[in-house]
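Subject: Structure for your review

Dear colleague,

Please find the sequence and structure below.

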Amino acid sequence: MTKLKPYWWELTKRPAASEQQALPKEVDILIVGAGLTGLSAARTAAKAGQSVLVVDEHSPGFGASSRNGGMLGGGHKLSIAEMTARYGEHIALELLREAHLDSGKFVRTVMAEEAIDCDYDQVGRFRGFWHTHEYETTARELEQLQKLLPIEASLLSQAQQHQAVASDLYRGGVVYHQHAAINPAKWVFGLHRAAVDHGTLIQGNTAVLGLQKSSHGYLVNTVRGMVKAGKVLLATNGYTPPQMAALHRRVFPVPSFIITTENLGRERIKQLFPSDMMVVESRARHCYYRPSPDKTRIVFGARAALFDAPEKFAMGQLRKLLRQVFPQLGQIDISHSWRGFTGFSFEFMPHVGQIDGVWHAAGYSGNGNTLAPWLGHKAALQMIGDPAGETAFSHSALKTRWWYHNRAWFLPFADLAFRGRDFWSDWSRS
Ligand SMILES: Cc1cc2nc3c(=O)[nH]c(=O)nc-3n(C[C@H](O)[C@H](O)[C@H](O)COP(=O)(O)OP(=O)(O)OC[C@H]3O[C@@H](n4cnc5c(N)ncnc54)[C@H](O)[C@@H]3O)c2cc1C
C-alpha cells in the first residue's frame, strides 16, 4: 500500500519546539512561513540580536522545504545570454556567482556551524540531454561559465553516460561535481533547531490572515491574535495565500510530484546509479531522481501535471516515466507518493525586496535548497540595515501580469501546451 506522505518525514524527527506558546505582543521581526527561507532569515536576524517570531499555518517545515527531492546545488532557469540581456553583464555575473558558488558555500557553513546532519553526500548531479544538439550548445555555455567562475563540471558523451546512470534514454549529459544529495526534512528541521537555539520563537498552526500598516510598523492578524511587528518578511513562496495579494500575484504555485520505490537493495541501486549520482533531465518533463540516502530506493520526481492533479493520475504518470528511464526495473512497488508546491516568478528568477514596506524572498522557480536559505539570510540582513545584505537578487524583478489575480487559472492550459510540446519534442528527437 503506497503511503501518501513524504518519505523524508518517516526518516526525520520533527522539531520539538513547535508546541504552542503564548504569542508575544510585539516583536522586531515577524516572519510568515517556517521553511528554508523563513528559518534561515530568523537565524540571521536572531543572531544579530533582534526579537524574532516565525509563524506557519501548518507545522514548521510543512511546505516544499521538507518535501523536495533533496538535490542541493546551484541552478538557474535562464541562460547566461538571457541573464546578460536582461540585467547587464555585471549583475548577470553576480547572479551566477551567488547561484553557483556563494549560496552553496553559505549552506555548507551553516550546516557545519550548527552541526546539522542532513545526510549531506557530494555525489554530483548528471543532467541528461534529450536532444543530440544539446551536447554542443551545453559545451559552449559551460566553457563560457567556467571562464567566469570556478565551476567543477564535465561533459559525458552518450557512450560514457552509463558512468552516471544505467539508462539509454539520454544523448549524453553534463555532470556538476559540486552538487550534493541531502535529506531535505533533516535540513529544514535542522535550521529550525538552529533558529530556536539563537532565540527565535517558532509557532506552527498560526496562520496569518492579514497585515495592516501602523505607526510603528505592522499589525499582523493571526488566527491566534494580533502581533505588532517592526518589520515583516513573507517567506511563503509557492504557498503564498491570496490575502497576501501583492506577493501572491507575483509568485504562482506549480506542483511537483514525487514518489519513492520500495527497498530495491543496495546492489540493484548500484547497478542503476554506478556512482550514486543524482540525475535531472533537459526535457520539459523535468524528471529528477536519485538514490535514497541509504542507497536502497529510488526517489523520483517529475512534472506529472502543472495543476493539482488527482493522486492516481499523478502516480500513474510517474510510474510510466520511471519505467521509461529504467525499463530493466520491471514491476516494482511504490512505497510513498506525495507532492509539494514550488513558487514560480514570471521571470523564472527569485527576488529579495519589499512591496509597500513588506519584505519578501521568493520565486525560486523549482530550486531552493541553497537559494532559499541564502536569500532568507540576505533578506534578514537587509531588514536590519546590514550592508552585507546586498545581493544581485534584489536587482532581478518580481513582476505580475494583468491577467493573474486570485487563482492560477492558466496552469491547466499551460499543462495542455506542455503536453503538446512533450509530444513534439519526442517526435522530433534526433
Ligand atoms: C516536490 C518538490 C521537489 C523539489 N525538489 C527540489 C530539489 O531537489 N532541489 C532544490 O533545490 N529545490 C527543490 N524544490 C524547491 C524547494 O523545495 C523550494 O524552493 C524551497 O523549499 C522553498 O522554501 P521556502 O521556505 O521559501 O517555502 P516553503 O518551504 O514552501 O514554505 C512556505 C511556508 O509558508 C507557510 N504559509 C503559507 N501561507 C501562510 C500563512 N498565511 N500564514 C502562515 N504560514 C503560511 C506554509 O505553510 C509553508 O510551510 C522542490 C520543490 C518541490 C515541491
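The notes below describe what was found, beginning with the whole chain and ending with individual residues.

Overall form

Please bear in mind that this is a predicted model. The protein contains 11 helices and 18 strands. Its radius of gyration is 21 Å, close to the 22 Å that the globule rule gives for 430 residues, so the protein is as compact as a globular protein of that length. Along the principal axes, the C-alpha atoms occupy a box of roughly 65 × 50 × 45 Å. Of the 430 residues, 48% are buried. Among contacts between residues at least 6 apart in sequence, 75% join residues at least 24 apart.

The nonpolar core

The largest nonpolar core has 104 residues, and the members that touch the most others are Ile31, Val54 and Leu233. Which residues does Leu233 contact, leaving aside its neighbours within four places in sequence? They are Ile29, Ile31, Gly38, Ala41, Trp359, His360, Ala379 and Met383.

Strand β18 pairs with two strands that are described here:

- With β11 (residues 225–234), the pairing is parallel and runs over 2 bridges. Leu234 has His360 of β18 as its bridge partner.
- With β17 (residues 351–355), the pairing is antiparallel and runs over 5 bridges. Ile355 stands opposite Val358 of β18.

Strands β17 and β18 form a hairpin that leaves 2 residues between them. Asp356, in the turn, has a positive phi of about 50°.

The ligand shell

The ligand is surrounded by 40 residues, of which the closest are Gly33, Gly35, Gly63, Gly340 and Gly368. The elements giving two or more residues to this shell are α2 (36–47), β12 (251–261) and β16 (334–345). By class, the shell holds 16 nonpolar, 21 polar and 3 charged residues.

Residues with a positive phi

Besides Asp356 in the hairpin turn, two further residues deserve mention here.

Asn237 has a phi near 35°, a positive value in a residue other than glycine. Asn237 lies in the loop between β11 and α7 (245–248). Is Asn237 buried or exposed? It is buried, because 31 other C-beta atoms lie within 10 Å, and the cut-off for a buried residue is 20 or more.

His286 is not a glycine either, yet its phi is positive, at about 50°.

Pro412

Finally, Pro412 is located in helix α11 (residues 411–427). Pro412 has 14 C-beta neighbours inside 10 Å and so counts as partly exposed. Pro412 and Ser292 are 120 residues apart in sequence, and their C-alpha atoms are 31 Å apart in space.

With kind regards

Technical notes: Residues are numbered from 1 along each chain as its sequence is written. This is a predicted model: local features need pLDDT of at least 70, side-chain atom pairs count only at pLDDT 80 or more; totals for chains, interfaces and linings use all residues. A nonpolar core is a set of buried Ala, Val, Leu, Ile, Met, Phe, Trp, Tyr and Cys residues joined through C-beta atoms within 7 Å. A residue is buried if 20 or more other C-beta atoms lie within 10 Å of its own, exposed if 12 or fewer, and partly exposed in between; C-beta atoms are placed from the backbone. Two residues are in contact if their C-beta atoms, placed from the backbone, lie within 7 Å. Helices (H or I, at least four residues) and strands (E, at least two) are DSSP runs, numbered from the N terminus. The radius of gyration is taken over C-alpha atoms; the globule rule is 2.2 Å times the number of residues to the power 0.38. A residue is near a molecule or strand if its C-beta atom, placed from the backbone, lies within 6 Å of it. Ala, Val, Leu, Ile, Met, Phe, Trp, Tyr, Cys and Pro count as nonpolar, Asp, Glu, Lys and Arg as charged, and the others, Gly among them, as polar. Two strands pair if DSSP finds at least two bridges between them.
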